[in-house]
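Keep the viewer open as you read.

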Amino acid sequence: MGPKPAHLESVCVFCGSSDAAEPQLLADAATLGRGLAAEDLTLIYGGGGVGLMGACAIAAHEAGGRVLGVIPHFLKERERRLDVVETITVSSMHERKQIMFERSDAFVVLPGGIGTLEEVVELLSWRRLDLHAKPVVFFSPDGFWAPLFQLFQHTVDHRLTPASFMQSWISVDRIEDVIPALLEAPGDVETPPVAAQMT
């Protein structure tokens, strides 16, 4: 793989925190974690040791990568905070997302549940409002995220969202394509967020 773009140092991964996830999805998350470590990209994630998030973080850490978790205090037990990596404990979900955004130069979205859905819709809403232009890459195995993309297109078809919004992300269906897509994604990792506007 070629050199990473200038100023691309850290990648936020949004993903599921359920241990009931399919084994292949857990394996894919671990593959991504090792890949980020190999590319010398810091993993920014939700701070837990469960589900895809735990699999990704543990794999990145064990591969010698830098990992930063951000977790609200009330989730430390439920999501089993991963104490072997640097972790920031915050007071709220809003603060968690704000720090994850500010510390990250780009974003990867793995399969996840309602929490992941909430995070990524807010992230793309901020992009729609021109609050950032950071790269966003979805991993959509077997069309996992297709219904979400169809919903976005539905809002475009009804003239409630501009057609240009559909270019706000890249989607790949193989885990080995995530990092190449991330490194080649258009976007501006230096776009400064205006914190007061994003809360």
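Of the 199 residues in the protein, 52% are buried. Keep in mind that this is a predicted model.

What does the secondary structure amount to? You'll find 6 helices and 7 strands, and reading along the sequence gives the pattern β-α-β-α-β-β-α-β-α-β-α-β-α.

Now zoom in on helix α1, which covers residues 23-38. Its 16 residues reach 23 Å from the first C-alpha to the last, close to the 22 Å expected at 1.5 Å a residue. Quite a few of its residues are buried, namely Leu25, Asp28, Ala29, Ala30, Leu32, Gly33, Gly35, Leu36 and Ala37. Which elements do those buried residues pack against? The strands are β1 (10-14), β2 (42-45), β5 and β6 (136-139), and the helices are α2 (51-62) and α6 (178-184). Just past the end of α1, Asp40 takes a positive phi of about 60°.

Two packed helices are described by the angle between their axes and the distance between the axes. Here the axes of α1 and α2 come within 7 Å and cross at roughly 35°, and the crossing is right-handed. From the α1 side, the residues involved are Leu25, Leu26, Ala29, Ala30, Leu32, Gly33, Arg34 and Ala37. They meet Gly51, Leu52, Ala55, Cys56, Ala59 and Ala60 in α2. Sorted by class, that contact has 11 nonpolar, 2 polar and 1 charged residues.

Next, go to strand β5 (residues 106-109), where Ala106 sits. Buried or exposed? Ala106 has a relative accessible area of 0%, so it counts as buried. Leaving aside neighbours within four places in sequence, Ala106 is in contact with Leu8, Ser10, Val11, Cys12, Lys134, Pro135 and Leu182.

You'll find Lys97 in helix α3 (residues 93-103). Why does Lys97 count as buried? Because its relative accessibility is 9%, and buried means under 20%. Beyond neighbours within four places in sequence, Lys97 is in contact with Glu118, Glu119 and Glu122.

Finally, a pair of loop residues with backbone angles to check. Asp142 has a positive phi of about 55° although it is not a glycine, and its place is in the loop between β6 and α5 (146-157). With a relative accessible area of 83%, Asp142 is exposed. Arg159 also isn't a glycine, and its phi is positive at about 60°. Look for Arg159 in the loop between α5 and β7 (170-172). Its relative accessible area is 75%, so Arg159 counts as exposed.

Methods. Residues numbered from 1 in each chain as written. Predicted model: local features only at pLDDT ≥ 70, side-chain atom pairs only at ≥ 80, totals over all residues. Heavy atoms only, no water. Helix = DSSP H or I, 4+ residues; strand = E, 2+ residues; numbered from the N terminus. Buried < 20%, exposed > 50% of the residue type's maximum accessible area, 1.4 Å probe, protein only. Contact = heavy atoms within 4.5 Å. Expected span 1.5 Å × (residues − 1). Axes fitted to C-alpha atoms, helices over the stretch in contact; angles between N-to-C directions. Left-handed = near helix turned anticlockwise from the far one by under 90°. Nonpolar A, V, L, I, M, F, W, Y, C, P; charged D, E, K, R; others polar.
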